[in-house]
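This report describes the pockets of the structure shown below. It considers which residues and elements line them.

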Amino acid sequence: MEIEFQRVGKKYDSGQEALSQVNFHLRQGEMAFLTGHSGAGKSTLMKLIMMIERQSYGQILVDGVDLRTLGPKSIPAHRRRVGVVFQNHQLLFDRSVFDNVALPLQVSGADPMQIGKRVRAALDKVGLLGKEKFNPMALSGGEQQRIGIARAVVNKPQLLLADEPTGNLDPRLSAEIMNLFQEFNRVGVTVMVASHDLALIARMRHRVLTLNQGRIVNDGGFN
Amino acid sequence: MSPKQNRRGATRQAAPSVSTQSKLASAKGFSFAQYFRLHQQTMLESLIRLFGYPLASIMTVVVISISLSLPGGLFVMLKNVERVTDQWERQSVISLYLFSNLDDTEALSLSHQLSTRSDIRSVEYISKEEGLRYFEQSSGYEEILSALPENPLPIVLKVIPTAPVSLATLQSLTDLKEDLAELAQVEYVELDAQWLQRLATILNFGQRFVYALSALLIAAVLLIVGNTIRMAVESRREEVLVMKLVGATDAYIRRPFLYMGFWFGTLGGLLACMMILLLSWWVSTPAVRLIELYHSGFELQTFNASEVVLCLTISAIVGTSGAWIAVSRHIADIELQ
């Protein structure tokens with residue numbers, strides 16, 4: 001999936017301008033990091049791609065389609081093509097790991113036989129195959145984060161968005177999580193990860209978009 | 001490979017140049033079998049979820065069933081009263097009091113004329129003398145009557161209509177009475193069915209009372225279910241948000257709550273039916289004994305199969321509607337931020 005922002009801005013009703021004049025083009029199969037201070041607009045940018053928020057001006061093209069042309073009824077189908085790992089709206093603790101990961105498949109009406117196979121495949125990829133019957137509460141922070149990733153990729157999305165996926169994890173676990181994203185990228189998924197862990201980003205050697213007060217101040221490889 | 005898989009495969013392999021719109025359309029499409037299976041599954045899951053909170057669910061179901069069994073019970077009572085009174089039929093008489101200036105010949109010709117009508121079985125002619133004799137025998141006013149200079153009584157025609165009088169024929173008999181009152185020779189008409197008219201009025205009143213009460217209590221059930229579902233939506237707020245995030249349609253999110261309302265309504269209706277059947281059985285012995293004092297061969301009526309089905313249908317519809325009212329508003333309120 002490719003994403004193109006053309007002079008995109010987002011003003012909230014409060015008057016706060018979260019993004020202004022944002023331009024970038026994320027090509028099919030590319031991986032990029034989004035960095036900047038908290039409040040620089042990273043989350044807002046991702047919410048615009050997910051159509052959780054709508055831009056105030058400018059154009060967002062997803063595979064060449066202007067998101068402004070999609071009405072509320074098209075939003076669910078759009079979101080099904082994107083896998084997300086968000087800080088809030090994480091796991092549901094009233095059901096097993098399996099059921100958490102199966103949610104995107106159930107929502108799209110997948111065959112129950114298929115659901116079993118694909119959930120296990122996704123859990124296998126994140127290294128949690130043996131824990132499908134557990135309650136997420138019983139697992140560690142790093143494992144919970146990986147459940148979230150399994151849920152994001154179970155639908156085989158063409159785009160993976162992650163907002164601070166290594167937030168509360170120690171450096172070793174953070175590196176593992178980032179490597180997971182890199183693996184998905186290697187099989188052709190477009191990946192965008194918002195993070196302020198600059199040291200980790202530096203080691204990954206991918207494109208980095210730096211936001212500052214709603215503007216992209218740097219776009220390029222990390223050196 | 002099913003058509004759905006085919007489509008998905010095609011979507012995944014498609015070059016980026018393929019229009020997103022068409023992909024969106026294919027991602028949205030459900031086959032009928034899928035849709036049916038999804039509904040079946042959701043329906044079952046909603047029921048299981050009710051059992052997850054047994055006490056709260058039972059309370060709601062009991063409140064609904066009480067609200068429904070009240071109009072249902074009154075309906076059964078009304079049905080029995082109507083049945084009893086329907087069986088109360090007897091020969092009715094319309095008495096025509098003729099003008100006193102009419103002589104016997106004129107009166108007799110009217111009597112013949114009336115007896116040829118199809119809605120009249122027979123006409124009994126009571127002359128002034130016969131009337132006087134009858135009056136003397138029955139009233140004991142012999143002396144007073146004999147003191148009068150002349151016979152004050154009019155000629156009376158006792159018209160026996162073809163139809164016996166009952167609630168069902170009351171209207172046609174009243175029409176016949178009005179018809180006969182129009183005759184020039186007739187001064188006054190009397191239909192001896194006043195008691196039946198009163199009964200009909202009371203029954204009509206009872207019917208309206210039951211309808212009004214039913215409407216009120218059904219509105220109460222709507223509110224009860226609506227409120228319960230609203231709380232259920234609120235308690236599953238996080239789940240609703242996650243489902244929206246992973247691309248659930250509003251219809252998909254709404255469905256389990258609508259089925260929850262459906263189950264509340266159906267279970268409430270079922271319990272109400274059971275309560276009514278139990279109540280009918282409980283009152284049947286004294287009720288039958290009471291009615292048999294007036295009328296023999298009476299059997300107490302309760303809900304029959306089709307009425308049970310009707311009760312369940314109504315309660316299921318009311319439950320689902322109550323859920324719909326609550327859900328359509330509250331799910332829109334829960335938005336990702």
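## Second largest pocket

In this predicted model, helix 4 of chain B supplies 10 residues to the lining of the second largest pocket, the largest share from any element. The volume of this pocket is about 500 Å³. Its lining comprises 22 residues, of which V76(B), M77(B), N80(B), V283(B) and L300(B) are the closest to its centre. Two or more lining residues come from each of helix 4 (54-87) and helix 11 of chain B.

By residue class, the lining of the second largest pocket consists of 16 nonpolar and six polar residues, with no charged residues.

## Largest pocket

The largest pocket has a volume of about 610 Å³. It is lined by 24 residues, and those closest to its centre are R95(A) and Q106(A), together with Q41(B), E45(B) and R49(B). Elements of both chains give two or more residues to this lining: helix 3 (97-107) and helix 4 (112-125) in chain A, and helix 3 (32-52), helix 10 (237-245) and helix 11 (250-292) in chain B.

Helix 3 of chain B makes the largest contribution to the lining of the largest pocket, with eight residues. The lining of this pocket divides into 10 nonpolar, five polar and nine charged residues.

## Charged residues in the linings

How many charged residues are found in the lining of each pocket? The lining of the largest pocket has nine, whereas the lining of the second largest pocket has none.

Key
Residues are numbered from 1 along each chain as its sequence is written. Chains are lettered from A and ligands numbered from 1 in the order in which they are written. This is a predicted model: local features need pLDDT of at least 70, side-chain atom pairs count only at pLDDT 80 or more; totals for chains, interfaces and linings use all residues. Side-chain values use heavy atoms; hydrogens and water are left out. On a 1 Å grid over the protein atoms alone, a cavity is a set of points where a 1.4 Å probe fits but cannot get out, and a pocket is an open set with protein on both sides within 12 Å along at least five of seven lines; lining residues have an atom within 4 Å of a point. Grid points are joined across faces, edges and corners, and a volume is the space filled by probe spheres set on the points. Helices (H or I, at least four residues) and strands (E, at least two) are DSSP runs, numbered from the N terminus. Ala, Val, Leu, Ile, Met, Phe, Trp, Tyr, Cys and Pro count as nonpolar, Asp, Glu, Lys and Arg as charged, and the others, Gly among them, as polar.
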